[in-house]
Amino acid sequence: MKLFMPKQHGAWAMLILPFWLGAAASDIIWSHIPFFLGWILLYLATYPGLLLFKRKRMALYSKWTAIYLVPAILLLLVPLLERPSIIIFGLLMVPFFIINALYSSKNRDRALGNDFSAICAFSIAGLASSFLPQGEILPMAWTVFAASVLFFTGSTFYVKSMIREKKNSSFKWVSWIFHTAVPILWLLAGGWLVSAAFLPSLFRSIVFYGKSFTPKKIGIYEIANASIFFFMLLFAIHT
């Protein structure tokens, strides 16, 4: 049986980075493993789940939603039983799921608002991961949350400026200004290590703009950029 998998490959970085950066900002414990596996399966379940709102191929999407959702719930019971109050983060994600469902029902899956909503939900997972060990959100976890939101927002601007909005000069300037402002503001706030983590994003947003890269090549570069960001944030967390 061929698995029903999401086509948005960039979402995998959003699935992984905030979660493990959030864990690193606190303490990594054994229950992070079933938590993460459950989180992956929950994400896989939301893909066909959101497609249900298009009201097409309902039987197929319902089947795959259930296939992923049942084991996701079972795995997520581990962190829930260990830290029942962690459910608040799941509740915080609900409004963003509703927003994504509305965009899906209107066939506007690639709208900026839909992307920003998903980014916020994925970043909240980092707060939940940080909350699990001690039942509190440490200051560094908030740093990880803000950095994750800003990083993936920048990635969204960049990818759109290279593909869907590549002929839109106004969008180019929005992307460039955003990528320039983020490291400057973080530096002014005293977070020079976090500021440095955003510099590769600034570099590629300007230097790569207008290049005739294929979507696959853009995706490969984004994986490399996300990896650099991840390890620089880990360094900042432990410094």
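Me: Which helix gives the most to the lining of the largest cavity?

Reply: That's α7, with 4 residues. Helices here are DSSP runs of H or I with at least four residues, strands are runs of E with at least two, and both are numbered from the N terminus. A cavity is a set of points on a 1 Å grid over the protein atoms alone where a 1.4 Å probe fits but cannot get out, and its lining residues have an atom within 4 Å of a point.

Me: Before I go on, what kind of model is this?

Reply: It's a predicted model, where local features need pLDDT of at least 70, side-chain atom pairs count only at pLDDT 80 or more, and totals for chains, interfaces and linings use all residues. Residues are numbered from 1 along each chain as its sequence is written, and side-chain values use heavy atoms, with hydrogens and water left out.

Me: Thanks! How many cavities of 30 Å³ or more are there?

Reply: The structure has 1 of them. The largest cavity holds about 50 Å³ of space. For that volume, grid points are joined across faces, edges and corners, and the space filled by probe spheres set on the points is taken.

Me: Which residues line the largest cavity?

Reply: You'll find Leu150, Phe151, Gly154, Phe178, His179, Val182, Pro183, Phe198 and Ser201 around it. Two elements give two or more residues to this lining: α6 (139-162) and α7 (169-188).

Me: How does the lining split by class?

Reply: There are 6 nonpolar, 3 polar and no charged residues. In this scheme Ala, Val, Leu, Ile, Met, Phe, Trp, Tyr, Cys and Pro are nonpolar, Asp, Glu, Lys and Arg are charged, and the others, Gly among them, are polar.

Me: New topic: which residues of α9 are buried?

Reply: Ser201, Leu202, Arg204 and Ser205 are buried in α9. Buried means under 20% relative accessible area, exposed is over 50%, and partly exposed is in between (1.4 Å probe, protein chains only). Those buried residues of α9 pack against α6, α7 and α10, where contact means heavy atoms within 4.5 Å.

Me: And what about α10, which elements cover its buried residues?

Reply: The cover includes α1 (11-24), α6, α8 (192-197) and α9 (199-207). Among the buried residues of α10 are Ile218, Glu222, Phe229 and Leu233.

Me: How far apart are the ends of α10?

Reply: Its end C-alpha atoms are 32 Å apart, which agrees with the 33 Å that its 23 residues (215-237) should span at 1.5 Å a residue. The expected span is 1.5 Å times one less than the number of residues.

Me: You mentioned Glu222. Which residue does Glu222 form a salt bridge with?

Reply: Its partner is Arg204, and the closest N and O atoms are 2.7 Å apart. Glu222 lies in helix α10 and Arg204 in helix α9, so the pair ties together parts that are 18 residues apart in sequence. Glu222 is buried, with a relative accessible area of 11%, and Arg204 is buried too, at 4%. A salt bridge here is a side-chain nitrogen of Lys or Arg within 4 Å of a carboxyl oxygen of Asp or Glu.

Me: How many salt bridges are there by that rule?

Reply: The count comes to 3. One of them joins Lys54 and Asp109, with the closest N and O atoms 2.6 Å apart. Lys54 sits in the loop between α2 (32-51) and α3 (58-82), and Asp109 in the loop between α4 (87-105) and α5 (112-134), 55 residues apart. Lys54 is partly exposed at 21% relative accessibility, and Asp109 is partly exposed at 30%.

Me: What does Asp115 pair with?

Reply: Asp115 forms a salt bridge with Lys160, the closest N and O atoms being 3.4 Å apart. This pair links helix α5 and helix α6, 45 residues apart. Both Asp115 and Lys160 are buried.

Me: How many residues of α5 are buried?

Reply: 18 of its 23 residues are buried, so α5 is largely enclosed by the rest of the structure. After α5 comes Gly135, whose phi is positive, near 75°.

Me: Last one: where is Ser26?

Reply: Ser26 is in the loop between α1 and α2, and it counts as buried at 12% relative accessibility. Leaving aside neighbours within four places in sequence, Ser26 is in contact with Ser130, Pro133, Gln134 and Leu138.

Technical notes. On a 1 Å grid over the protein atoms alone, a cavity is a set of points where a 1.4 Å probe fits but cannot get out, and a pocket is an open set with protein on both sides within 12 Å along at least five of seven lines; lining residues have an atom within 4 Å of a point.
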